Amino acid sequence: MSYTKLSNAQIAWRAAQDIDDGAYVNLGIGFPEMVAKFQPEGREAVFHTENGVLGFGQAPKEGEEDWDLINAGKKAITLKPGASFFHHADSFSMVRGGHLDVAILGAYQIAQNGDLANWRVGSKGVPAVGGAMDLVHGAKRVAVITDHVTKDGKPKLVEACTFPLTGVGCVTRVYTSLAVVDIEGGKFILREKLADMTFDDLQELTGATLHTDGPVGDLTVPEL
Amino acid sequence: MDKSISTLTEAVADIHDGAVLMIGGFGGSGSPIELIHTLIDRFRATGSPKDVTVINNNAGNGYVGIAAMIKAGMVKKMICSFPRSSNAEAFNEKFLADEIELELVPQGTLAERIRAAGAGIPAFYTPTSYGTELAIGKPTEEFDGKHYVQERWLKADFAIVKGQLGDKHGNLTYRLAGRNFNPLMCMAADVTIAQVSELVEAGGIDPEQVITPGIFVDHVVEVKEPAQEEVLVRTEEVH
């Protein structure tokens with residue numbers, strides 16, 4: 001049985017299909033930022049960044065950066081028409097107050113009850129949490145994009161996280177390199193999987209039981 | 001009323017050994033570089049202020065600003081959300097050698113703790129960090145079926161911030177995303193010192209455009225064409 005897992009761009013593309021026109025969205029630093037590239041034609045989401053900007057667009061051309069205009073990843077950004085600035089307490093009121101429609105984050109582990117571990121892998125080194133623990137509370141949907149397994153092949157979807165938690169019971173949907181999985185009632189519910197992959201293949205690479213509550217769709221994405 | 005001060009040296013003269021110091025900015029955006037380096041210059045010349053606790057989102061970048069304070073050895077403790085930035089060697093070295101304390105606070109909780117101090121609210125509940133190692137030892141409560149962690153206000157002896165326009169009453173505006181923590185810190189410190197790119201007379205800022213009302217600001221010092229931390233880090237002009 002052979003199948004080709006999705007690239008990061010393809011995972012980001014799939015996550016972008018579920019973002020509605022007019023949605024207010026926070027994308028985590030790093031891989032999740034890629035989701036912004038794949039907004040479907042005819043839809044316009046408004047992107048939020050923790051340091052106090054709504055409505056930012058792409059990076060400026062090299063040499064045209066204004067370093068007072070950055071995102072939470074400290075990268076230079078540009079503004080789109082309708083953008084606004086605000087201070088940090090307002091910014092996190094948007095987060096905690098339930099005003100964001102979706103937050104899309106990376107993950108080290110996701111548990112079947114929705115627990116997320118994405119800020120550190122152990123007790124060594126310099127800890128840094130940033131806005132991750134805030135973002136997992138308050139957005140109407142908290143989605144994760146991730147490879148289905150770690151670099152050495154271990155499941156990232158697990159019964160219980162072993163890495164330090166970012167939040168408890170907070171994730172509602174996971175987009176992986178192999179599948180789309182919802183978290184409902186403390187269970188992983190499989191929504192889509194690669195067409196070339198059997199359910200058993202996928203279960204083998206998943207650290208907790210995958211459930212279904214209806215037909216499982218094919219996870220189809222364009223070449224990117 | 002005239003809150004303006006003519007030199008940077010005078011503006012930070014009262015900041016003392018052991019002070020708890022809020023420093024505005026997020027990364028290089030809104031970072032009061034000239035005020036920070038005036039403090040560093042005094043420390044290098046006189047050994048004071050030492051044992052400072054610094055509150056900022058980060059723990060410095062490169063060897064300018066907060067990173068330079070840490071490198072110089074004047075910082076006892078950092079209270080921040082994200083010390084591990086791409087170029088944070090100054091903090092990392094001290095931290096891994098156990099030469100600096102760290103209180104790690106989630107970013108939204110950090111902002112709200114500072115806001116609460118400015119608003120006279122000693123504690124509040126937030127869902128952030130519930131069930132994680134950052135909530136250990138903190139009281140928790142259930143409201144309407146959800147769990148929350150009690151967090152305390154965060155005050156400071158001094159705040160140093162960067163504004164764009166400032167008037168002699170202390171009213172401030174900010175440039176682009178340089179607002180970030182600055183307005184909150186102005187409210188939460190006993191004494192707030194603002195460097196502004198342009199100092200104007202009272203009435204020189206349209207009241208509708210004022211972001212920080214002057215009641216929250218004690219001293220204003222003009223720094224025309226201020227350095228931008230990120231630009232300095234990228235060119236490493238200052239060591």
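This report describes a predicted model with chains A and B, starting with confidence and numbering.

## Model and confidence

Residues are numbered from 1 along each chain as its sequence is written, and chains are lettered from A and ligands numbered from 1 in the order in which they are written. Because the model is predicted, local features need pLDDT of at least 70 and side-chain atom pairs count only at pLDDT 80 or more, while totals for chains, interfaces and linings use all residues.

Chain B has a mean pLDDT (the predictor's confidence in each residue, from 0 to 100) of 96, and 98% of its residues reach 70 or more. For the complex, the predictor gives an ipTM of 0.95 and a pTM of 0.96.

## Overall form of chain B

Chain B contains 7 helices and 11 strands. Helices (H or I, at least four residues) and strands (E, at least two) are DSSP runs, numbered from the N terminus. Along the principal axes, the C-alpha atoms of chain B fill a box of roughly 50 × 45 × 30 Å. The radius of gyration of chain B is 18 Å, which agrees with the value near 18 Å for a compact globule of 239 residues. That radius is taken over C-alpha atoms, and the globule rule is 2.2 Å times the number of residues to the power 0.38.

Of the 239 residues of chain B, 56% count as buried. A residue is buried if 20 or more other C-beta atoms lie within 10 Å of its own, exposed if 12 or fewer, and partly exposed in between, with C-beta atoms placed from the backbone. Two residues are in contact if their C-beta atoms lie within 7 Å. Among contacts in chain B with a separation of 6 or more, 75% come from residues 24 or more positions apart.

In chain B, 8 strands form an open sheet with parallel pairing, in the order E1-E11-E10-E9-E2-E3-E4-E5. Strands E1 (4–5) and E5 (101–104) of chain B stand at the edges with a single partner strand each, so one side of each has no neighbour in the sheet. Two strands pair if DSSP finds at least two bridges between them. Strand E2 (residues 20–23) of chain B runs parallel to strand E3 (residues 52–55) of chain B, joined by 3 bridges. Met22(B) stands opposite Ile55(B) in E3(B).

The largest nonpolar core has 143 residues, and Leu21(B), Ala159(B), Ile160(B), Met185(B) and Ala188(B) touch the most other members. Such a core is a set of buried Ala, Val, Leu, Ile, Met, Phe, Trp, Tyr and Cys residues joined through C-beta atoms within 7 Å. Leaving out residues up to four places away in sequence, the residues that Ala188(B) touches include Met22(B), Ile114(B), Leu154(B) and Ala159(B).

## An exposed loop residue

Pro122(B) lies in the loop between H5 and E6 of chain B. This residue is exposed, with 9 other C-beta atoms within 10 Å. Not counting residues up to four places away in sequence, Pro122(B) touches Arg152(B) and Trp153(B).

## Helices and strands of chain A

Helix H1 (residues 8–16) of chain A has 7 of its 9 residues buried, so it is largely enclosed by the rest of the structure. Among the buried residues of H1(A) are Ile11(A), Trp13(A) and Arg14(A). Their cover includes strands E5 (102–105), E8 (141–146), E10 (173–176) and E11 (179–184) of chain A.

In E5(A), Val102(A) and Ile104(A) point one way, Ala103(A) and Leu105(A) the other way, and all are buried. E5(A) is joined by 3 bridges to strand E1 (residues 24–27) of chain A, which runs parallel, with Asn26(A) opposite Ala103(A). E5(A) also pairs with E8(A) in the parallel sense over 4 bridges; there, Ala103(A) stands opposite Val142(A).

## Where the chains meet

The contact takes 41 residues from chain B and 31 residues from chain A. On the side of chain B, helices H4 (89–96), H5, H6 and H7 (229–235) each give two or more residues. H5(B) gives the most, with 6 residues. By class, that side has 16 nonpolar, 18 polar and 7 charged residues. Ala, Val, Leu, Ile, Met, Phe, Trp, Tyr, Cys and Pro count as nonpolar, Asp, Glu, Lys and Arg as charged, and the others, Gly among them, as polar.

Helix H2 (residues 88–96) of chain A is mostly covered, with 7 of its 9 residues buried. The cover of these buried residues includes strand E2 (46–49) and helix H3 (132–135) of chain A, together with helix H5 (107–119), strand E6 (123–126) and helix H6 (182–188) of chain B. Just after H2(A), Gly98(A) takes a positive phi of about 80°.
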